[in-house]
Amino acid sequence: MPITPRAVAQGYAKGGNALGLENDGNRTLSVLYFGITFNNLADRDRILPAHDIFVNSMRALAAERGLLNRYM
């Protein structure tokens with residue numbers, strides 16, 4: 001789901017926005033959800049750390065590109 005600069009401006013004009021995106025510049029933000037599911041609870045000990053590695057690698061890539069957002 002994209003959050004465009006225009007949508008942020010409109011929210012701010014109407015009293016602000018709950019996410020505090022007023023100062024994020026002229027960028028469109030995308031909202032993505034990387035949820036995980038698994039059938040065997042025993043898999044938790046390897047799946048959850050792998051998910052953490054994935055999320056941290058995406059944060060590092062965004063930071064390298066100057067795109068890291070506080071909600072990521």
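This is a predicted model: local features need pLDDT of at least 70, side-chain atom pairs count only at pLDDT 80 or more; totals for chains, interfaces and linings use all residues.
Residues are numbered from 1 along each chain as its sequence is written, and side-chain values use heavy atoms, with hydrogens and water left out.

Going from the N terminus, the protein chain reads β-α-β-α, so you've got two helices and two strands (DSSP runs: helices are H or I with at least four residues, strands are E with at least two, numbered from the N terminus). The radius of gyration is 16 Å, well over the 11 Å from the globule rule for 72 residues, so the chain is more spread out than a compact globule. That radius is over C-alpha atoms, and the rule is 2.2 Å times the number of residues to the power 0.38. Along the principal axes, the C-alpha box is roughly 50 × 25 × 15 Å.

Now helix H2, residues 44-64. After H2 comes Gly66, with a positive phi near 70 degrees.

How much of the chain is buried? Buried residues are 12% of the 72, where buried means under 20% relative accessible area, exposed over 50%, and partly exposed in between, with a 1.4 Å probe and protein chains only.

Last, charges: 8 positive side chains and 6 negative, with the centres of the two sets 9 Å apart. Lys and Arg count as positive, Asp and Glu as negative, without His or the chain ends, and each charge sits at NZ of Lys, CZ of Arg, CG of Asp or CD of Glu.
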